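Dear colleague,

Please find below the structure that I am handing over to you.

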Amino acid sequence: MDLNRLLMWMVYMSCASLLIIGLRRGKSANGWVLVAGLLLGLTLYLQQVVPEQAGLISGAIWGLLIFIPQRGAMWIYQLTWQHRFRAARRWAYLLRWLHPIDSFWIWPRYLHAMALAQGGKLAAAETTLLSLSQSTSLISVMARCQLFRFYGDWQALLDWMTHQVSKVTVTSSSVLITLYLMALGETHRLNQMVGALERFQPRLTHPASKDYWDLSRLIVFAFCGQLEGVTRLLKGPLAKLDDSTQQFWLSTAMVAAGEPAPPMVAELNRDCFYANTLLKRGPLASPDQQLTARSHNQLQVWGDALFSELQDRGRQQANVLQSPITLGLIAINLAMFVAEILLGGSTNEAALNTLGALVPAVVIAGDWWRLLAAAFLHFGPLHLSLNM
């Protein structure tokens, strides 16, 4: 199968799967459904008109309008949960030109408001978020929720999310899930918070939401006084959170566990994500007095699972550098590929034949070494990258 045909089938499979996923998600993915449908139709047309270039053309468009926006969005989500809003905003500005639908066009404004609030400029952030909160889009709902958060009005946030926002909308957004869990914690509904995380767990443990699963567990552990779980998360998968966020959740966990809270740093008092919450927060509910046996058991399950996860992640990271055979095979493949290029190119038949291409007649004639050598040859960079 040549590169043109390979790219063509890749586009077909990708667009078909994106259509299925997008139709299941509803209005929040209308843009992806539109792009996938148009590209699918274009590829079918190109296959009839210019079959020898159809895969190359549609593959290039797929990379520009689907692959880059999807991967870029994942990178922005990662920057967002780390509270690196300025960097996320810069990427969002670039991304919106490739996918100006599904709220991508207004995404940079939302991230700009978050950056302003993080820097203590609440009035400017409020102006921007108010302008975004007038529609029914997902970002509008998030903007309204953030306004409640900035003013530390968690009861109003909980009431609004309970009565004005559909459960489907809340479940569809990892950001809204974390805000809902925080609202339950700040209003002392610990058992309800634990039960909510149980319901959200299937959604959050999806690979695309893994970071928010860790963040959600951090919230629940903190309000339930699980100091050990909070410490493990902040030293492990959530180590990239900004200093203010780490300080906030560590102090929350310490207070809930009955320990004296550490002194607040100046950045935390200035950060509008937390300043008003700390100012208005009364004594946290005592987990020992409020949590039921079921909630205690569920926290124990999550704590044990976290301990196992961190051990597995440590082993996986160590195994990468402790696998000499795998690294050696990769090195041999790369060396042979360089040799192909030096002898005329990775798709040059003469170069491949010289290095040991598997030609049955030649093997039968006595070149048995080709049975081994051919395993390390690759026809083009795509073939090499897929194998590596």
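Two residues are in contact when heavy atoms of theirs lie within 4.5 Å. Among the contacts between residues at least 6 apart in sequence, 62% join residues at least 24 apart.

The model is a predicted one, in which local features need pLDDT of at least 70 and side-chain atom pairs count only at pLDDT 80 or more, while totals for chains, interfaces and linings use all residues. Residues are numbered from 1 along each chain as its sequence is written, and side-chain values use heavy atoms, with hydrogens and water left out.

The secondary structure consists of 23 helices and zero strands; these are DSSP runs, H or I of at least four residues for helices and E of at least two for strands, numbered from the N terminus. Of the 388 residues, 45% count as buried. Buried means under 20% relative accessible area, exposed over 50%, and partly exposed in between, with a 1.4 Å probe and protein chains only.

The largest nonpolar core has 100 residues, and W107, Y110 and L218 have the most contacts inside it. Such a core is a set of buried Ala, Val, Leu, Ile, Met, Phe, Trp, Tyr and Cys residues joined through side-chain atoms within 4.5 Å. Leaving aside neighbours within four places in sequence, L218 is in contact with residues including V230, L233 and L234.

R232 is partly exposed, with a relative accessible area of 24%.

By this rule there are eight salt bridges. R217 meets D214 in one of them (2.6 Å, N to O), and both of these residues are buried. R217 and D214 are three residues apart in helix α12 (residues 210–223), and so are separated by about one helical turn. R217 also meets E309 (3.0 Å, N to O), a pair that links distant parts of the chain, with E309 in helix α18 (residues 293–321), 92 residues apart from R217. K210, D214, R217 and E309 are linked in a network of salt bridges.

Yours sincerely

Methods: A salt bridge is a side-chain nitrogen of Lys or Arg within 4 Å of a carboxyl oxygen of Asp or Glu.
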